[in-house]
Amino acid sequence: MAIAPNRLLIDLGDFVPGLGKPAEIKLGLYTTALPAMGYDVVGVGELDVRTIKDTRKSPFEQAKIPQICANLVYEDTKKPLLKKPYFIKKMPSGLRVAVIGIMGNMTMNPQLAKQNGIIVLPPGETVRKTIDSLKGKADLFVVLAHSGYEEAKKLAADVPGIDIVLSSHPSTVNTDFERVGNTILMHCKGNSKYVGKLVLNIDSEGKIASAVGTEDLLDAKMEKDAKMQKLIDDAEAAVQEFYNSSNPHVGGPPAPGMPPSQSEPGAFVGAQRCIGCHLSIHQTWQKTKHAQAFDDMKKKDPNATMNPNCLSCHTTGYMMNGGYTTETATPYLRDVGCESCHGPGVRHLRTPSDKGYGATTELTCRKCHDGTNSPKFDYAKYLDKIAHKSTSQIVKPPESP
Ligand code: HEC
Ligand code: HEC
Ligand code: HEC
Ligand code: HEC
């Protein structure tokens with residue numbers, strides 16, 4: 001694809017799909033591929049916040065691509081999550097384009113923010129202040145709104161001076177391009193399946209004379225780039241190697257079909273092993289969709305039982321030590337069992353009265369209930385449907401568990 005000289009390449013964020021090694025590998029792919037393709041600037045998605053917070057820096061720092069966000073600050077220090085709130089590019093034509101990053105309240109809702117130790121400053125007010133501070137330093141103002149469509153539209157309507165709002169995060173709306181007053185709004189589809197293109201005609205005063213926005217589907221018809229294909233193949237091979245090498249059972253595998261023994265640290269034991277002391281919780285769980293997640297997956301696609309991209313969410317402990325490997329080796333770990341949310345249970349079985357096993361947060365759910373597979377996910381509502389909170393249900397452990 002020919003790239004015009006006066007161009008800006010942007011990604012709106014959500015680079016860390018889930019947790020663990022495979023997510024790390026995928027992030028590595030983005031931080032290598034984006035600079036190789038000449039990306040100018042990237043935004044931040046709610047999925048990226050944890051990684052940034054844990055390392056206290058943008059994963060794109062080494063790649064020298066600015067990752068921008070103007071309205072996320074640490075709750076404790078009140079310092080910004082990312083060093084750069086905005087980015088200005090001077091085009092060969094002389095036009096100066098300011099790009100401002102924003103996180104929405106819908107995507108980073110108060111509960112998720114609290115769990116991350118983050119405060120979301122009001123998006124509209126933040127953009128207004130940032131534009132004011134850049135008067136005379138830029139000719140065109142672009143806002144990257146990781147907020148979903150509705151909030152982005154409101155931003156476009158409410159804040160004067162924005163020329164373009166690019167919004168991201170899965171959404172039910174299917175508009176690509178529209179005008180909200182004098183502002184252009186483009187909602188970008190996710191999952192790296194599309195590339196949005198906004199072509200602007202700039203008049204002699206540096207204002208947008210006309211604009212055309214389209215989204216191109218990245219399907220098999222798209223010409224492949226050998227260098228990119230190699231990066232993708234390498235990343236996929238690394239994920240596969242991780243799956244193959246991750247020792248399914250620390251201390252040696254149990255007999256086929258048998259849960260691991262209690263001496264194996266970190267191992268998953270299966271929901272069956274919880275019945276003895278949490279009978280009524282087990283009965284409640286059995287009535288939830290989680291208890292039929294494997295069969296439902298299989299019904300929809302018989303090949304799914306071989307597909308890491310399905311098993312990671314429809315089994316227990318997949319790609320973790322002592323977690324699900326295959327249907328015959330680990331039948332007790334089919335489905336979304338207790339340990340999918342509470343973590344490996346071996347130690348808890350040994351010392352059940354030790355406090356602190358199995359703490360959960362909204363992120364526990366979000367590793368599976370992501371924007372693609374569970375677009376309607378609402379923590380409070382979903383929690384309600386699977387609720388089994390009642391300490392009184394716990395039966396006293398027998399003499400020798
Ligand atoms: C031998 C009995 C026994 C078995 C088996 C058992 N538990 Fe427990 N569990 C307990 C007891 C007792 C407590 C209460 C600990 C306390 O708060 O004092 C508990 C507490 C918990 C808690 C709350 C922990 C906390 O600190 O609030 C979770 C979560 C839990 N169990 C999950 C499981 C899961 C999942 C399994 C199966 C892998 C399981 N338990 C198997 C006895 C058992
Ligand atoms: C390991 C992945 C995984 C985790 C973790 C997970 N879920 Fe799920 N959840 C699923 C899958 C897969 C289904 C679909 C099962 C099916 O329909 O067969 C599902 C379905 C559900 C449903 C049923 C939705 C409906 O339409 O009836 C609810 C409610 C739900 N999950 C709530 C939660 C909550 C709340 C959490 C966190 C406390 C959570 N889940 C954690 C994978 C997961
Ligand atoms: C990132 C986690 C994740 C992955 C990967 C995933 N699922 Fe799911 N799946 C879910 C969750 C969560 C739900 C429940 C969604 C809800 O009700 O909100 C679900 C629901 C389902 C359902 C029941 C609802 C429906 O659409 O009929 C089926 C069947 C299903 N998934 C099959 C698959 C298959 C096949 C694959 C692999 C191609 C797959 N899933 C990959 C998390 C995942
Ligand atoms: C989809 C995720 C999920 C699954 C699957 C799940 N739990 Fe839980 N569990 C939770 C959440 C979330 C809480 C906290 C509930 C709350 O705060 O309202 C919880 C709480 C608990 C508690 C503490 C109850 C209390 O009174 O504090 C126990 C014990 C427990 N679960 C055991 C189990 C057992 C046993 C299973 C399997 C039979 C199981 N859980 C399956 C998410 C899950």
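Me: I'm looking at the hairpin of S11 and S12. Which glycine there takes a positive phi?
Reply: That's glycine 206, with a phi near 80°. The hairpin has five residues between its strands. Keep in mind that this is a predicted model.

Me: OK, and how do S11 and S12 pair, parallel or antiparallel?
Reply: Antiparallel, over nine bridges. S11 covers residues 194-202 and S12 covers residues 208-217.

Me: Switching to helix H4. Which of its residues are buried?
Reply: Pro123, Thr126, Val127 and Thr130 are buried, in a helix that runs over residues 123-133. Looking down the axis of H4, you'd find these buried residues within an arc of 95°, so they line one face of the helix.

Me: New topic: ligand 4. How many residues surround it, and which are closest?
Reply: There are 21 around ligand 4, and the closest are Cys274, His278, Trp285, Cys338 and Cys341.

Me: Which helices supply at least two residues of that shell?
Reply: H7 (279-286), H10 (338-342) and H13 (379-386) each do. H10 gives the largest share, four residues.

Me: How does the shell around ligand 4 divide into nonpolar, polar and charged?
Reply: It has 11 nonpolar residues, nine polar and one charged.

Key
Residues are numbered from 1 along each chain as its sequence is written. Chains are lettered from A and ligands numbered from 1 in the order in which they are written. This is a predicted model: local features need pLDDT of at least 70, side-chain atom pairs count only at pLDDT 80 or more; totals for chains, interfaces and linings use all residues. Two strands pair if DSSP finds at least two bridges between them. A residue is near a molecule or strand if its C-beta atom, placed from the backbone, lies within 6 Å of it. Ala, Val, Leu, Ile, Met, Phe, Trp, Tyr, Cys and Pro count as nonpolar, Asp, Glu, Lys and Arg as charged, and the others, Gly among them, as polar. A residue is buried if 20 or more other C-beta atoms lie within 10 Å of its own, exposed if 12 or fewer, and partly exposed in between; C-beta atoms are placed from the backbone. The arc is that of the directions from the helix axis to the C-beta atoms.
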